[in-house]
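Biologist: Please put the structure up, and then we can go through it by question and answer.
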Amino acid sequence: MGGAGRGRAGPALAAAVAAAALGAAGLPAGAASLEPVFNEAFIETVRGEAAFDVGDEMATFGAVFGALPEAVKVYPTENYYYFSFYAGGVEYGGNLRLDAADRDDGVLHFAYYRKPQPWTDRAGAHYRQLTAADGVRVERERGLAYRVTYGGKSVVFRLNDLSDVTPPDDAVRAGETFLGPVFDESGLAFYLLFDTGRREFMFVLDERERVADELVRVREEHPALTVGERTGFAFYEDRHARRKILVGVEAGNVALNNYHDGPFDQLPDNFVRGEELREAILAKHPDLQGEIDRFGGFVGSEGRFLVNPYVHYGRRGELEAFLRCADPALDEEGFYRCVTPPARE
């Protein structure tokens, strides 16, 4: 759901954004909460009048920023803080981003857009880099905590510190490099690996804590292939290591750019060691030499190399193609070729 293009405003926007922020920041890790959303509130929200001009980027930013509590937790590892609101009966999504590449230069990225729907192609996207020239001040307090100040209000953004996260020894095979931990906006966590021999990326499910989904078998008699009831993420249990490899993401979620569109947009930016990520990308695509930075961003232009070594499936039955990976006749190379199809270019 990342990217630059990716009201009910006033009190409704404040309540919606603040509730989401408090849900993330006000509870200890693993704590259970029940925050029901009632239809009455939804109807009143979509019927309400916007208190600001949604076409005015600074007015919209002021409304979103004004709704935040004093401190928020940014879970996704590309450092997007997502929000949504309604204006004129239309739902908008957006994000505030403290990009690892320029946050220490005082830049806050702000984007919002009409949420895509299958029946319309009206995008209505807005994007702006906010700096001191816009009255927005970004200051690093300590570690991965940043204070953003605007209009006399300050908010501390606590980025997700996963610096101590490493995969279990039996989840990384010889010839593979652990590039860093990934926390996806879906609420699932992964290890990003690169197989130097096959020159392939892999997202491996982080199961150190309870997985925030229910993984069910695609076929009852085939336990290795599972799909998340909530996320639609499909996994294949490795026969050569103790791990589950992400093999599929539901295509409808990708088209809608929602929280379940896959971890391609949540790379481990805060934890990339030196040139490791760029070197991995160049090992797979040497033609990109000189065109990408250490985070995989394209130099001198918008966009970023897509790390998405999984299929986009339209129907659950399409995942049954992975059942062939259980064939005992497959050697090691054949097995990994089966479960990690080439990434889309």
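Modeller: This is a predicted model. Asn257 is placed in the loop between α4 (251-256) and α5.

Biologist: Which residue forms a salt bridge with Glu78?
Modeller: Glu78 is in the loop between β1 and β2 (80-87), and its partner is in the loop between α5 (276-284) and β16 (311-313), 226 residues apart. Glu78 is buried, at 3% relative accessible area. The closest N and O atoms of the pair are 3.3 Å apart, and the partner is Arg304.

Biologist: Which residues are linked with Glu78 and Arg304 in a network of salt bridges?
Modeller: The structure holds 26 salt bridges. The pair of Glu78 and Arg304 belongs to a network of them.

Biologist: What is the N to O distance in the salt bridge of Glu275 and Arg278?
Modeller: Glu275 has a relative accessible area of 31% and is partly exposed. Arg278 is partly exposed as well, at 23%. Their side chains meet at an N to O distance of 2.4 Å.

Biologist: Which residue forms a salt bridge with Arg128?
Modeller: Arg128 counts as partly exposed, at 28% relative accessibility. The closest N and O atoms of its salt bridge are 2.9 Å apart, and the partner is Asp134.

Biologist: How many residues of β2 are buried?
Modeller: β2 runs antiparallel to strand β3 (residues 90-97), joined to it by eight bridges. The two form a hairpin with two residues between them, and Gly88 in the turn has a positive phi of about 60 degrees. Within the pair, Tyr82 stands opposite Asn95 in β3. β2 is largely enclosed by the rest of the structure because its buried residues number seven of the eight.

Biologist: In the open sheet of four strands, which strands stand at the edges, and why is one side of each left without a neighbour?
Modeller: The order is β1-β8-β7-β6, with mixed pairing. From one strand to the next the twist averages 25 degrees. Each edge strand has a single partner, so one side of it has no neighbour in the sheet; the edge strands are β1 (71-74) and β6 (137-142).

Biologist: Which residue in β8 stands opposite Val148?
Modeller: Strands β7 (residues 145-150) and β8 (residues 153-159) pair in the antiparallel sense over six bridges. In β8, the residue opposite Val148 is Val155.

Biologist: The side chain of Thr149 makes a polar contact with the side chain of which residue?
Modeller: Thr149 lies in strand β7 and is buried, at 11% relative accessible area. Leaving aside neighbours within four places in sequence, its contacts include Phe65, Gly135, Val136 and Arg137. The polar contact spans 2.7 Å, and the partner is Ser154.

Biologist: At what angle to β7 does helix α3 run?
Modeller: At the start of α3, a side-chain oxygen of Asp56 comes to within 3.1 Å of the backbone nitrogen of Met58. The buried residues of the helix are Met58, Thr60, Phe61, Val64, Phe65 and Ala67. Helix α3 (residues 57-67) lies across β7 and β8, and its angle to β7 is about 125 degrees.

Biologist: How many residues are in the largest nonpolar core?
Modeller: The members that touch the most others are Phe61, Phe85, Leu96, Leu108, Phe157 and Tyr236. Beyond four places in sequence, Tyr236 is in contact with residues including His222, Leu225, Ile245, Phe322 and Val339. A second, separate core has 27 residues, among them Ala100, Leu179, Phe305 and Val307. The number in the largest core is 56.

Key. Residues are numbered from 1 along each chain as its sequence is written. This is a predicted model: local features need pLDDT of at least 70, side-chain atom pairs count only at pLDDT 80 or more; totals for chains, interfaces and linings use all residues. Side-chain values use heavy atoms; hydrogens and water are left out. A nonpolar core is a set of buried Ala, Val, Leu, Ile, Met, Phe, Trp, Tyr and Cys residues joined through side-chain atoms within 4.5 Å. Buried means under 20% relative accessible area, exposed over 50%, partly exposed in between (1.4 Å probe, protein chains only). Contact means heavy atoms within 4.5 Å. Two strands pair if DSSP finds at least two bridges between them. Axes are lines fitted to C-alpha atoms, for helices over the stretch in contact, and angles run from 0 to 180 degrees between N-to-C directions. A salt bridge is a side-chain nitrogen of Lys or Arg within 4 Å of a carboxyl oxygen of Asp or Glu. A polar contact is a pair of N or O atoms within 3.5 Å; within protein, one must be able to donate a hydrogen and the other to accept it, and residues adjacent in sequence count only if both atoms are side-chain atoms.
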